[in-house]
Amino acid sequence: MANTASKLLEVRDLHVEFRTRDGVAKAVNGVDYGVDAGETLAVLGESGSGKSVTAQAIMGILDIPPGRITSGEILFQGQDLLKLKEDERRKIRGAGMAMIFQDALSSLNPVLSVGDQLGEMFVVHRGMSRKDARAKSVELMDRVRIPAAKERVTQYPHQFSGGMRQRIMIAMAMALEPSLIIADEPTTALDVTVQAQVMDLLAELQRELNMGLILITHDLGVVADVADTIAVMYAGRIVEKAPVHEIYKAPAHPYTKGLLESIPRLDQKGQDLFAIKGLPPNLMNIPPGCAFNPRCPMAQDVCRTDVPPLATVTYEGLTAERRSACHFWKETLRG
Amino acid sequence: MAEPILEVRGLVKHYPLTQGILIKRQIGAVKAVDGVDFDLGTGETLGIVGESGCGKSTVAKMLVNLERPTAGVIRYKGEDITRLSGRALKAVRRNIQMVFQDPYTSLNPRMTVGDIIGEPYEIHPEVAPKGDRRRKVQDLLDVVGLNPEYINRYPHQFSGGQRQRIGIARGLALRPEIIVADEPVSALDVSVQAQVVNLLDKLQSEFELSYVFIAHDLSIVRHISDRVGVMYLGRIVETGTDAEIYEHPTHPYTQALLSAVPVPDPTAREHRERIILSGDVPSPANPPSGCRFRTRCWKAQERCALEVPELAVPAEFRGVEGPAAHDSACHFAEEKHVVP
Amino acid sequence: MPEPHEPAEGAIAGTGAGGAMDLAASEATTLTPGGPEGGPGGTGAAAPARSLWSDAWRDLRRNPIFIISGLIILFLVVISLWPSLIASGDPLDCDLANAQKGSSPGHPFGFNGQGCDVYTRTVYGARASVTVGVCATLGVAVLGSVLGGLAGFFGGVWDAILSRITDIFFAIPVVLGGLVLLSVVTSNTVWPVIGFMVLLGWPQLSRIARGSVITAKQNDYVQAARALGASNSRMLLRHIAPNAVAPVIVVATIALGTYISLEATLSYLGVGLKPPTVSWGIDISAASQYIRNAPHMLLWPAGALAVTVLAFIMLGDAVRDALDPKLR
């Protein structure tokens, strides 16, 4: 983590908690990750793993309160976003980084035409006239391959199908050609055949504009299709970080291993699925030591007392950086 | 195949589209399900896959009599159950139960777990005498892998996976022969999905259940099903055993669907052929003529717009032994391997 | 079908204390070491069956807000029935010589414009005001939620007809309607006033009940009950009503205060309660003209009204919360 200047985005030791009626929920507990221009980082995790909260903290759209960033740094192009004033951050949102949400229908304003919503970006950030902004909107809709963009620019979100709406969301995120896109479960709400179209589009635009992409998902299939690097999150921490090919070949954390074994495969009809026993932890009462220890088949005494550091994983043939937060990553790696 | 416990023939459900407030005028119909046939064998799992809006959930609702079909019959052990009412309907309901998709809305938040699982006995008091019910509920909790002492808790005190187990226990209470599961795991986390799928597997052999398993996730359907039906716009387009459908698909829609599923294997990225369909599913209020898939199909010809392809073994495979010879509603059926 | 994406809070609420236990209860390793839940303790199996209502009652008995508001309401009921318990005078025994006088020994609240004792009148006024408020609210709540609930549940033609009828009632201005309808009544009791309030008040409640029944009806648990063969009445009473009642309680308890003040308005206009009936409403409207020189005449009956309304709102809140297991 020495040459941080080269990274487009660098999150360092981020901690986020939520104060609720019932207590303090520790949603993010020391997350470090970074993404370069042109790189796709997949953040994989189940609900409550802190993957979306981290993204919201980066975008600066975390609800505060009840949320609170207790410590950490978010460096974007070398600048710590957490030290900026709100109006300075607002300028970065949209132009510097943009976000795509899961639910395109509720992310679009139902009473404004899609043209108005797309054009708004240019009017606000670029000071364009309404007319020029409209022309730009049509151009964007063409770019995300919405047929008959010229006619459809005046239509309202409900007149578009789910896949088309997600394209509009992508168009909106790309409008100002940001250098970083955060996509939070962008295809989860879509049908399989449409999912493929949208992922393809996203990947293509990313290549064209050489953007960094943080893809937040729970779907191991989508990750395998598009990611360069994977960060697996559990209970607000990164438990494993690796190049995509390595992790599918041999996971170095029992949680990743369990996830990979528990999904049914299209190409084989297995017997019983491997199931990770138990439930994700209660974020108000995270187990001491390794948070995964109550569900881990390999847990020893040390796992119940010591939090495992995100250690560097090394083995022959590994060229990129790889890390695992398991006391027994060597044993896990061996199978 | 074993003796069918359920036979579905020509099942149709049209929802009328109306205009007007007091005096309603029909201006069209959403053809949610438009002629579906299948059999379910005793002890068998039939998987139904399709994308949203294909009518698979409407089929599920008709099977458990939550919707009345516009036309067609559903025969349970030879008897048509679509026109039943009153006592006869209630009796059939004991034998066909449903597991719902959303574990957050399918349990009444203001009832204890004991009341939720015990409700079937209150509705059908002949199944269990009053003094026996509490014990039966605790047995059921145990069967689905929950602590029987949780009987006085409320649904919100459980996680999604545990709630789905409660829903399954409720479905099992009356000892039905058939369980219709509509996307039973799609709302759950990956690591919990496997637990619930395994539970359904275990219960099937323990209670000799027949399942109709409805899902959009092709991998899970393959895992759990003996036979699979693929639905598109209110019709079944291809049906066969799991190996026939997944390894030897002959309908272009099935091929596109299978090829679009992301596979958790990054090495497949480079050499895998993907069929990316253009456009969206047409509106079920105004489906295309002839073959309904023709508007998105790369093989479509004039014939596809004129003739509705019937669901049968296609001509080119007739008389041929082998896995490719299964029912497929396509004029130009052709085998293609798409699963790596 | 999309997989619902849970926000972090959803996951936090997902497992309460003890709920985080492993599904396979026998796995000792799954219990959080040193965790507060520790284990089920083995008492659950012998515990009696509990229901929403018994749990709600247990909750209420321990809720100070419920106890305080309950005591206030009990006190109001008692003095409505037997006002002479705490007021020895006669509310109609007035002496103009005492008009607008302030507090004096034996007359802690002073005298009103007619020289009547304000304390005695406030105590005696409780009967009419509380009767009007409670009966009108009950009538509106019952009529409105039954009609609205049934319309929402069954839908179709009856729903359309009912919705149009409520539209018509909404168009009637309350005060004007009161002037017209109540001016023909000669009865000296509170019942015509209550009847009028129910007549004009139920559409509001029926709209709310209809809406929340329609929302509750769409939940899968209602479908699940139907798939089990549950009758309409079971679905309505067991599944829909408990989940639809909260907004009705809130609106009804707030409306209670409105009805007591509406009674005052109507009385002021001469079509509500008529002397010799004593009510807070009558006294408040009479005193409002003298607020500058003799505020005590207004403050005491108005204060009594405020406390009463507050007590009912607190009671409604407590009941609503008790019926929501999530808040336990």
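Residue numbers start from 1 along each chain as its sequence is written, while chains are lettered from A and ligands numbered from 1 in the order in which they are written. Since the model is predicted, local features need pLDDT of at least 70 and side-chain atom pairs count only at pLDDT 80 or more, whereas totals for chains, interfaces and linings use all residues.

Let's begin with chain A and its domains. The assignment gives domain 1 (1-47 + 58-218) and domain 2 (228-266 + 273-335); such bounds come from an automatic or database domain assignment. Taken over C-alpha atoms, the centres of the two domains of chain A are 28 Å apart. Their contact takes 20 residues from domain 1 and 15 residues from domain 2 of chain A, where two residues are in contact if their C-beta atoms, placed from the backbone, lie within 7 Å. On the domain 1 side, β2 and β3 of chain A are the elements that give two or more residues, and β2(A) gives the most, with 11 residues. Helices (H or I, at least four residues) and strands (E, at least two) are DSSP runs here, numbered from the N terminus. That side of domain 1 divides into 10 nonpolar, 5 polar and 5 charged residues. In this count, Ala, Val, Leu, Ile, Met, Phe, Trp, Tyr, Cys and Pro are nonpolar, Asp, Glu, Lys and Arg are charged, and the others, Gly among them, are polar.

Now follow β2(A) back to its partner. Strand β1 (residues 9-20) and strand β2 (residues 23-35) of chain A pair in the antiparallel sense over 10 bridges; two strands pair if DSSP finds at least two bridges between them. Together β1(A) and β2(A) form a hairpin with 2 residues between them. Val16(A) has Val28(A) as its bridge partner in β2(A).

Next comes the open sheet of chain A, with 8 strands in the order β6-β7-β8-β3-β9-β10-β12-β11 and mixed pairing. At its edges stand β6 (97-100) and β11 (311-312) of chain A, each with a single partner strand, so one side of each is left without a neighbour in the sheet. Within this order, strand β3 (residues 40-44) and strand β9 (residues 229-234) of chain A pair in the parallel sense over 4 bridges, and Leu44(A) has Val232(A) as its bridge partner in β9(A). Helix α7 (residues 162-174) of chain A lies across β6 and β7 (180-184) of chain A, running at about 170° to β6(A). For that angle, axes are lines fitted to C-alpha atoms, for helices over the stretch in contact, and angles run from 0 to 180 degrees between N-to-C directions.

Helix α1 (residues 51-59) of chain A is worth a stop too, as 7 of its 9 residues are buried. A residue is buried if 20 or more other C-beta atoms lie within 10 Å of its own, exposed if 12 or fewer, and partly exposed in between, with C-beta atoms placed from the backbone. The buried residues include Lys51(A), Thr54(A) and Ile58(A). Just after α1(A), Gly60(A) takes a positive phi of about 75°.

Turning to chain B, its contact with chain A takes 39 residues from chain A and 38 residues from chain B. On the chain A side, α8 (192-209), α9 (220-226), α10 (244-249) and α11 (254-262) each supply at least two residues, and α8(A) gives the most, with 7 residues. By class, that side has 18 nonpolar, 12 polar and 9 charged residues.

Chain B has an open sheet of 7 strands, ordered β6-β7-β8-β3-β9-β10-β11, with mixed pairing. Its edge strands, β6 (96-99) and β11 (327-328) of chain B, each pair on one side only. Strand β7 (residues 178-182) and strand β8 (residues 210-215) of chain B run parallel, joined by 5 bridges.

Chain C has 11 helices and 0 strands, and buried residues make up 40% of its 328 residues.

Finally, look inside. The largest nonpolar core has 274 residues, and Ala171(A), Ile230(A), Val212(B), Val230(B) and Met197(C) touch the most other members. Such a core is a set of buried Ala, Val, Leu, Ile, Met, Phe, Trp, Tyr and Cys residues joined through C-beta atoms within 7 Å. Helix α4 (residues 118-154) of chain C gives the most to this core, with 15 residues. Domain 1 and domain 2 of chain A both give residues to this core, so the core lies between them.
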